[in-house]
Amino acid sequence: MTQDTAADVIIIGGGIAGLSAAYMLAKEGKSVILMERGETCGSKNMTGGRIYIHSLKQLLGTSAVAQAPLERLIVKERMSIMSTTGTTMVEYTDVHATEEDFQSYSILRSVFDAWLADKIEELGGMILTGVQVEQLVEQDGRIAGVQISGEEILADTVIAADGIHSFIAQQAGLKNDLDTDSVGLGVKEIIQLSEEKINERFSLRQGEGAAHLFLGVTQGLSGGGFIYTNRSSISLGIVVDPQELAGQEKTIYELLQEFKTRDAVFPLIQQGKTVEYSAHLVNEAGLMSVPRTLCREGLLVIGDAAGFVINMGTTIRGMDLAVWSGINAAKAILTASSAREINEMYMKYTNETIIPVMERYKRYPKLLKNPRLFKEYPTAANDMMHAVFSVDSSMVPAESIKEAWKIAKKSIGIKHLALDSWEVLRSL
Amino acid sequence: MTTKYTSIEDLLACDRFHTDEKHPHIVVDSRRCAACTSRPCLTSCPAHLYTQDLQDGSLHFDHLGCLECGTCRFVCAVMGKQGIIQWSYPKRTSGVQYRYG
């Protein structure tokens with residue numbers, strides 16, 4: 001920090017990435033100003049959602065994480081494959097889910113982010129809310145600070161953690177606008193329901209939670225539905241490709257309502273009370289959307305702004321990566337002595353932690369774009385179940401497995417079955 | 001409200017907003033929208049802020065109730081007629097304020 005600078009580090013955006021960087025920097029004695037446009041940190045943020053907490057533990061330590069306002073420890077995974085004729089559900093309870101390294105929790109971001117912001121203030125970091133960064137300040141080709149209300153505020157390093165659109169990273173010339181072919185639109189309701197009812201309906205013990213995913217609920221459009229159990233509410237929503245929405249009659253909120261009121265869904269939430277409706281875009285391009293370089297002299301880009309999101313099919317994973325990238329940025333600033341060295345360290349840490357994970361899932365976006373996944377396969381799955389389980393008065397029972405295979409061949413086609421299987425094997 | 005099939009008005013009524021009626025953060029050019037036949041904004045805006053006049057078919061937009069997702073920005077640019085000529089976040093603390101998120 002020099003005479004002209006207001007702080008060592010200015011962080012743009014009070015989401016989980018920006019807060020993570022701020023926490024670590026403040027803890028290590030750096031002067032930090034975090035700027036958030038919302039009234040409080042988290043007031044503009046939403047998630048499905050669940051967070052895998054391995055990186056959060058690294059940031060806060062196990063005992064602090066235990067104090068954090070997380071909702072329920074997810075121990076139960078459900079996947080429902082739905083068609084107009086039926087629902088096939090798979091339920092998996094993982095004994096490893098409670099082990100330290102695998103833990104994930106349902107989370108409400110407005111609550112969690114505000115809590116983390118308080119922790120940063122306790123450590124001496126400054127959180128400015130209701131502040132919108134208009135643009136970056138450049139001096140001699142380097143990023144020297146930010147402009148708010150026409151006024152320049154300078155710092156040694158600026159961290160852009162301004163989310164999926166990241167106008168800041170765009171302004172810095174580090175990334176192009178999002179690839180429209182690879183965004184999903186998520187909408188969600190928070191439905192209040194008593195803790196006991198949730199435990200009962202999902203067969204859960206106190207403090208335990210379920211993640212329930214739904215395929216075939218978006219009327220053939222690319223996407224799916226989800227339910228996450230919070231302590232005393234349920235997060236229920238859908239994610240749909242907005243471009244496909246445009247080509248048809250139904251609005252996104254109508255699709256959400258139709259999903260919510262389906263026979264296989266409504267009993268889980270009935271008598272509940274809707275208390276919030278939210279929407280957010282999600283980047284589904286994976287590694288492809290991560291810019292080649294995430295820094296300029298004086299500027300680091302982290303979290304969603306850097307494209308650190310993985311669509312794993314069963315879940316869209318971004319928050320644990322956001323924490324990780326916040327840690328990486330803070331570590332780089334804490335260990336390096338020049339702006340150039342900070343950038344080198346940041347890219348090194350990123351390449352060691354986040355990129356290999358994203359590399360692993362790099363073929364998924366293509367796999368998940370398969371249109372048959374959202375209609376033909378769910379229909380075939382349920383038709384096969386029908387063949388296996390149903391008995392009527394007239395029919396000589398079919399050899400159910402053979403029958404099922406016939407159904408799959410007929411409704412999807414041998415060629416597509418072969419190609420899709422190949423694509424799946426290649427991607428995993 | 002006890003949950004059921006819910007209208008968009010009732011969904012948005014659950015949310016807390018600080019409204020700034022004077023300064024729309026999204027500005028549309030009505031001439032461009034009039035010429036747009038695909039109107040991808042109609043079904044993809046989660047707050048249903050883009051509506052079509054039943055009588056003359058013209059496109060209406062209201063910035064109040066915006067959830068700030070930015071979907072319109074993309075679909076308009078790619079599939080529409082670039083009728084959104086300004087897209088920014090609401091100023092200061094106005095706009096949606098999630099309590100759960």
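Helices (H or I, at least four residues) and strands (E, at least two) are DSSP runs, numbered from the N terminus. The structure described here is a predicted model. In chain A of this model, Gly49(A) is located in the loop that runs between strand 2 (32-36) and strand 3 (50-52). The peptide bond that joins Gly48(A) and Gly49(A) is cis, with omega at about -20°.

Chain A contains 15 helices and 19 strands. The chain is divided into domain 1 (7-69 + 108-179 + 285-361), domain 2 (181-283) and domain 3 (375-427). The centres of domain 1 of chain A and domain 3 of chain A, taken over C-alpha atoms, are separated by 46 Å. Along the principal axes, the C-alpha atoms of chain A fill a box of roughly 90 × 45 × 40 Å. The radius of gyration of chain A is 23 Å, which agrees with the value near 22 Å that a compact globule of 428 residues would have. Of the 428 residues in chain A, 51% are buried. Among the contacts in chain A with a separation of 6 or more, 73% are between residues 24 or more positions apart.

Helix 10 (residues 319-335) of chain A packs with helix 11 of chain A at an angle of about 145°, and the two axes are 8 Å apart. The crossing of these two helices is right-handed. From helix 10 of chain A, the residues that take part include Leu321(A), Trp324(A), Asn328(A) and Lys331(A). They meet residues of helix 11 of chain A, among them Ile342(A), Met345(A), Tyr346(A) and Tyr349(A). By type, the residues of the contact of helix 10 with helix 11 of chain A divide into 10 nonpolar, 5 polar and 1 charged.

Helix 10 of chain A also packs with helix 1 (residues 16-27) of chain A, at an angle of about 35° and with the axes 7 Å apart. Helix 1 of chain A passes helix 10 of chain A in a crossing that is right-handed. Ile16(A), Ala17(A), Gly18(A), Ser20(A), Ala21(A), Met24(A) and Leu25(A) make the contact from helix 1 of chain A. On the side of helix 10 of chain A, the contact residues include Met319(A), Ala322(A), Val323(A) and Gly326(A). The residues of the contact of helix 1 with helix 10 of chain A comprise 12 nonpolar, 4 polar and no charged.

Glu359(A) belongs to helix 11 (residues 339-360) of chain A. Glu359(A) is exposed because 12 other C-beta atoms lie within 10 Å, and a residue counts as exposed at 12 or fewer. The C-alpha atom of Glu359(A) is separated by 9.8 Å from that of Ile310(A), and these residues are 49 residues apart along the chain.

Helix 8 (residues 252-260) of chain A has 7 of its 9 residues buried, so this helix is largely enclosed by the rest of the structure. The buried residues of helix 8 of chain A are Ile252(A), Tyr253(A), Leu255(A), Leu256(A), Gln257(A), Phe259(A) and Lys260(A).

Chain B meets chain A through 34 residues, which are in contact with 46 residues of chain A. On the side of chain B that touches chain A, helix 1 (8-13), helix 3 (41-44) and helix 4 (71-79) of chain B each supply at least two residues. Helix 4 of chain B gives the most to this side, with 5 residues. The residues of the side of chain B that touches chain A consist of 17 nonpolar, 12 polar and 5 charged.

Within helix 4 of chain B, the buried residues include Thr71(B), Cys72(B), Arg73(B), Phe74(B), Val75(B) and Cys76(B). The buried residues of this helix pack against strand 11 (183-192), helix 7 (242-246) and strand 15 (273-283) of chain A. In chain B, they pack against helix 3, strand 3 (50-52) and strand 5 (84-87).

Gln271(A) counts as exposed because it has 12 C-beta neighbours inside 10 Å.

How values were computed. Residues numbered from 1 in each chain as written. Chains lettered and ligands numbered in written order. Predicted model: local features only at pLDDT ≥ 70, side-chain atom pairs only at ≥ 80, totals over all residues. Contact = placed C-beta atoms within 7 Å. Nonpolar A, V, L, I, M, F, W, Y, C, P; charged D, E, K, R; others polar. Buried ≥ 20, exposed ≤ 12 C-beta atoms within 10 Å, placed from the backbone. Domains from an automatic or database assignment. Rg over C-alpha atoms; globule rule 2.2 N^0.38 Å. Axes fitted to C-alpha atoms, helices over the stretch in contact; angles between N-to-C directions. Left-handed = near helix turned anticlockwise from the far one by under 90°.
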